[in-house]
Amino acid sequence: HLGAGAAAAAAVALTVGAYFYLRPAADRLEFQGWVEAYLVFVSPDEAGRVETLSVREGDAVQNGAALFNLDADLQRAAVAENEAAVINARQAFDRARELLKKNVGSQKTFEDAEAALRTAEARLNSTKTRLERRRVNSPATGTVQEVYFREGEQVPAGRPIISLLPPSTFQRGLPYLYLDAPNAISVPCASLLAVPRMTQSVSY
């Protein structure tokens with residue numbers, strides 16, 4: 001079966017090769033294929049106003065490059081508030097620890113102060129993360145395909161501001177060859193690997 005298949009493929013290749021060699025110059029060779037790509041949509045975690053936009057449509061960006069900033073007044077205020085809460089919680093914890101060492105305070109008071117400090121620190125870390133996420137960098141290397149919001153515009157949470165096309169998601173296919181000639185034939189492109197003197201005109 002393999003020998004018969006190889007012979008058939010060789011016959012097709014020879015037939016098409018002869019056509020290319022002998023065909024009139026006016027005949028046109030055309031490939032028809034497909035293009036497939038997957039876009040990466042970049043959106044903020046929370047609603048906000050676009051403060052700065054660092055890219056335009058068509059720009060090539062590297063992974064980690066700055067894309068846009070959202071207004072962060074509320075997030076900065078939350079960080080300042082939780083920093084003050086951590087300071088107060090740490091002072092309460094230090095007092096409870098000293099009293100416990102002197103056998104004046106109770107173990108429960110110390111444990112409650114310790115838990116309150118850990119909670120305050122966790123809230124501070126959370127607000128710092130929210131603040132950092134107001135500055136959005138590119139999650140991948142690619143090309144900016146479209147910008148959906150401009151500077152000064154309000155963006156709902158989860159709505160994309162930019163779409164990227166990473167080169168790793170771009171695929172092209174060329175499944176068949178069509179010959180624009182009388183009694184035209186079509187063959188899989190895999191059969192044309194050994195065809196000599198082939199001039200290609202590819203359109204996508």
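Where is the place of N103? Select N103 and you will find the residue in the loop between α2 and α3, where helices are DSSP runs (H or I) of at least four residues, numbered from the N terminus. Before going on, note that this is a predicted model, in which local features need pLDDT of at least 70 and side-chain atom pairs count only at pLDDT 80 or more, while totals for chains, interfaces and linings use all residues. Residues are numbered from 1 along each chain as its sequence is written, and side-chain values use heavy atoms, with hydrogens and water left out.

Stay on N103 for a moment: although N103 is not a glycine, its phi is positive, at about 60 degrees. N103 is also exposed, with a relative accessible area of 69% (exposed means over 50%, buried under 20% and partly exposed in between, with a 1.4 Å probe and protein chains only).

Next, select residues 73-101, which make up helix α2, whose 29 residues reach 43 Å from first C-alpha to last, close to the 42 Å expected (1.5 Å times one less than the number of residues). Within α2, colour the buried residues, among them Q75, N82, V86 and F93, and then show α3 (107-132), which is part of what covers them.

Finally, display the aromatic pairs, of which a search of the whole structure finds two (rings of Phe, Tyr and Trp, the last by its six-membered ring, with centres within 6.5 Å; stacked under 30 degrees between planes, edge-to-face over 60, tilted for the rest). F93 and F110 form a tilted pair, 5.3 Å centre to centre with 35 degrees between the planes. Because F93 lies in helix α2 and F110 in helix α3, the pair ties together parts that are 17 residues apart in sequence, and both F93 and F110 are buried.

Note on methods: Helices (H or I, at least four residues) and strands (E, at least two) are DSSP runs, numbered from the N terminus. Contact means heavy atoms within 4.5 Å.
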